[in-house]
Amino acid sequence: MNDSAFTIFIIFGSIWVLMATAGVIALLKADGQEIRFGKTGLIITLSIILPIIITLAYAAFRGTF
């Protein structure tokens, strides 16, 4: 298990991202604002998430994890 520290880092990073997302949603709901995603929000979200997924999938299939 040479890469166990990297795996733990990725897991904790994912947990922090999920907690931040839940925090933003809770903050918006507490303010009474409606949560909605427009076309611009979707484009920004996809441009951030897709390269991360592609990079991790490439590394997983290549066996460099």
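Hi everyone, let me start with the surface: this chain exposes about 6000 Å², and carbon and sulfur atoms supply 73% of it. Those areas come from the Shrake-Rupley method with a 1.4 Å probe, and for residues only the protein chains shown count as cover.

A word on what we have here. This is a predicted model, where local features need pLDDT of at least 70 and side-chain atom pairs count only at pLDDT 80 or more, while totals for chains, interfaces and linings use all residues. Residues are numbered from 1 along each chain as its sequence is written, and side-chain values use heavy atoms, with hydrogens and water left out.

How much of the chain is buried? Of its 65 residues, 2% count as buried, meaning under 20% relative accessible area, with exposed being over 50% and partly exposed in between.

Now the overall form. The radius of gyration is 16 Å, whereas a compact globule of 65 residues would have one near 11 Å; the radius is taken over C-alpha atoms, and the globule rule is 2.2 Å times the number of residues to the power 0.38. Along the principal axes, the C-alpha atoms fill a box of roughly 45 × 25 × 10 Å.

On to secondary structure: two helices and zero strands. These are DSSP runs numbered from the N terminus, H or I of at least four residues for helices and E of at least two for strands. Just after α1, G32 has a positive phi of about 85°.

Helix α2 takes in residues 39–62, I52 among them. I52 counts as partly exposed because its relative accessibility is 45%. After α2 comes G63, with a positive phi near 90°. Thanks, everyone!

Technical notes
Buried < 20%, exposed > 50% of the residue type's maximum accessible area, 1.4 Å probe, protein only.
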